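Here is a friendly briefing to read alongside the model. Keep the viewer open and look for each residue as its name comes up.

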Amino acid sequence: MPKRTRSTIRRTLVTVAVAALTAAFLTPAAAAGPAAPRESRPVYSYADAVRESVWVDTGLDEDGDGRTDRVAADIVRPAEPARQGRKVPVIMDASPYYSCCGRGNESQRKTYDAQGHVVQMPLFYDNYFVPRGYAFVGVDLAGTNRSDGCVDVGGRSDILSAKAVVDWLNGRARAYTSRTGGTPVTAGWTNGTTGMIGKSWDGTIANGVAATGVKGLRTIVPISAISSWYDYYFAQGAPLYEGGPDELAGYVQSGDARAHCAAVLKKLADGSPRSGDWTPLWTERDYVRDAAKVRASVFLVHGMQDLNVRTKHFGQWWDALARHGVQRKIWLSQTGHVDPFDYRRGAWVDTLHRWFDHELLGYDNGIDREPTADIERHPDQWVTSAAWPPRGTRAAVLHPAAGSRAGVGTLGRHRGTGTESFTDDPALSEADWAAHLTTATPEKAGFLTAPLTRDLRVSGSSTVTVTATPTTGSAHLSAVLVDVGPDTIRDYADPGEGITTRTERSCWGGSTAGDSACFRETAAKTAAVDHTVVSRGWADLGHHAWPAPGVPLTPGRAYTITLDLAATDHVVPAGHRLALIIAGTDKHLIDPPSSRPTLTVDLSRTTARVPVVGGAEALARATSGSAGAPAPRVLDGVGAPRTVRHVPVG
């Protein structure tokens, strides 16, 4: 598919705008004049909205019952436009969580009346956008809630069950008034212009549907979303969790799916061996490889301390979309796996409103000319960047070296010599390593720059190349970048992952007796720290020839591997130090190897490539000072990463 440039997108939006503007009671002639609207207004009744359910035929028979599967789509749409012959755009959230687990900070589930029509639609999207002339469609993924089929965790069934609804909205698929039999129904009330949104698994589905190139999908808003399912379960061969996608499917599937989908669960288990090798199952669930097919614009949102859907997901997706000229916008917070509605509510609703008005209604409200990136630099303190990563960002190389004091190495621009050794201790985490950066401990090798003479901004994805010799036949590696210096940050290791939930409520849109638009307020949960983890990466040393299959290690032989570190945007202030930790098992973030090796790192063949605004020149200026090893002491940080169930849910 040819690259879709910003100017191409604008021309497309102009053609949509003529029809869309009628939702605000304007004629095409008025839309072309100076009175063209810049914002949709809540002119329609939420209480009188049409609430209906349809079952869309996916064309698949994943549950093997001899008939094609149908997925349930619950719809809330304004009644007035249809009566006046006007068509409306659609905001859609396709989710496996509408019945099993709930959505949002308050774990809301769909509820239904006696006729089976949705009463409560989770989250604020329908409350806020339906009065403004949008329809909201909540889709139960195949094998969940009221849908047929089987859950296949990001695979063909997951993606095509949601894509089928986009096709139906655009007149290319069939739907019925019931799960079996029923009357055919068309979506004559919509112009087919669709935006998908969702957090975690829901946002992952938006990524996957966009990667099919389906027509009619104009924009997606993936929040804390997966871009490649392999990278949810493994990091270059190192297992991130004990279980696999078969367990996750069992967690969300409906009772009907549980009775009919054993073969699908077995296929998931067989296709995702705990060896960490890449298999065809992972290829099918890698949306990054299909970024060239994406027609939709992308407004991406992620927490830079998300240890559930880790930030590698947004970094590789963002970079792939950039290579193919996809229009993009990004928000990066200091939180963990948290929705922006729960850390920047007013600004989020306003920005999302303007984004959908621009992308789905075609309003020229200027959002496409604003800075690309919003980044939370301190709790509730945001900055913007015209581009992301900022222009002038280039990889700068840092070398670890032995220091003046045993066990506390240096990190600088000149190649080091000698070795450092550590012994894997699965009982310790990155929090333990960072707390003891200025002292020698047996489970890690730590290296620090001199105090910086200038601020240093790291923006993007780093890599660390390590040459290490193991003493056993298996070994896992972790590489961690740390900002060493005092700060106050969001406490992402707290159960709220950077927020606390209050009892007060604020309201966002229309309400009914069964669906309130009022949600509990939140506040930043902060911690005063002496160090902040900036970025992390993990790998199995047996997968040193990645993506080739892993192999047993030969004790005493040196291996070289490059670890991909997660994307971030962080300013290391003047006076702070930047540190690199190389260690083994990162407790709760990767699983340990089958042995407990000691690894000897060849410092002359170990480097970190860090994306720095200003490149090597900026790094040279910031590290031009000199200082001895820091005084030994325990550094305060957030708590150790929490043990959480590996479910991409919020």
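Predicted model: local features only at pLDDT ≥ 70, side-chain atom pairs only at ≥ 80, totals over all residues.

Residues are numbered from 1 along each chain as its sequence is written, and side-chain values use heavy atoms, with hydrogens and water left out. A search of the whole structure turns up three disulfides, and the structure holds 33 salt bridges.

**Disulfides**

- A disulfide is a covalent bond between the sulfur atoms of two cysteines; here the term is used for a pair of cysteine sulfur atoms within 2.5 Å.
- Numbering the bonded cysteines of the protein chain in sequence order gives the pairing 1-2, 3-4, 5-6.
- Cys100 is bonded to Cys101, with 2.2 Å between their sulfur atoms. The link of Cys100 and Cys101 is left-handed, with -90 degrees about the S-S bond.
- How accessible are these two cysteines? Buried means under 20% relative accessible area, exposed means over 50%, and partly exposed lies in between (1.4 Å probe, protein chains only). Cys100 counts as partly exposed because its relative accessibility is 26%, whereas Cys101 counts as buried because its value is 15%.
- Cys150 and Cys261 form a disulfide with sulfur atoms 1.9 Å apart. Cys150 lies in the loop between strand E6 (135-140) and helix H5 (156-169), and Cys261 in the loop between helix H9 (255-260) and helix H10 (262-271), so the bond ties together parts that are 111 residues apart in sequence.
- The names of helices (H or I, at least four residues) and strands (E, at least two) refer to DSSP runs, numbered from the N terminus.
- The torsion about the S-S bond of Cys150 and Cys261 is about -80 degrees, so this disulfide is left-handed. Both Cys150 and Cys261 are buried.
- Cys507 is joined to Cys518 by a disulfide, S to S 1.9 Å. Cys507 sits in strand E23 (residues 499-507) and Cys518 in strand E24 (residues 518-524), so the pair ties together parts that are eleven residues apart in sequence.
- The torsion about the S-S bond of Cys507 and Cys518 is about 100 degrees, so this disulfide is right-handed. Cys507 is partly exposed, with a relative accessible area of 48%.

**A buried glutamate**

- Look for Glu376 in strand E14 (residues 373-378). Glu376 counts as buried because its relative accessible area is 1%.
- What does the side chain of Glu376 reach at 2.8 Å? The answer is the backbone nitrogen of Gln334.
- The side chain of Glu376 also makes a polar contact with the side chain of Arg490, at 2.9 Å. A polar contact is a pair of N or O atoms within 3.5 Å; within protein, one must be able to donate a hydrogen and the other to accept it, and residues adjacent in sequence count only if both atoms are side-chain atoms.

**Salt bridges**

- A salt bridge is a side-chain nitrogen of Lys or Arg within 4 Å of a carboxyl oxygen of Asp or Glu.
- Glu376 forms a salt bridge with Arg490, and their closest N and O atoms are 2.9 Å apart. This pair links distant parts of the chain, with Glu376 in strand E14 and Arg490 in strand E22 (residues 476-490), 114 residues apart.
- Both Glu376 and Arg490 are buried.
- Arg179 forms a salt bridge with Asp256, the closest N and O atoms being 3.5 Å apart. Arg179 is in the loop between strand E7 (175-176) and strand E8 (190-199), and Asp256 is in helix H9, 77 residues apart.
- Salt bridges that share partners join Asp65, Arg67, Asp148, Arg179 and Asp256 into one network.

**An enclosed strand**

- Eight of the eight residues of strand E2 (residues 70-77) are buried, so E2 is largely enclosed by the rest of the structure.
- In a regular strand the side chains alternate between the two faces of the sheet. In E2, Arg70, Ala72, Asp74 and Val76 point one way, and Val71, Ala73, Ile75 and Arg77 point the other way.
- Strand E1 (residues 50-57) and E2 run antiparallel and are joined by eight bridges; two strands pair if DSSP finds at least two bridges between them. Trp55 stands opposite Ala72 in E2.
- E2 and E6 also run antiparallel, joined by four bridges. The bridge partner of Val76 in E6 is Phe136.
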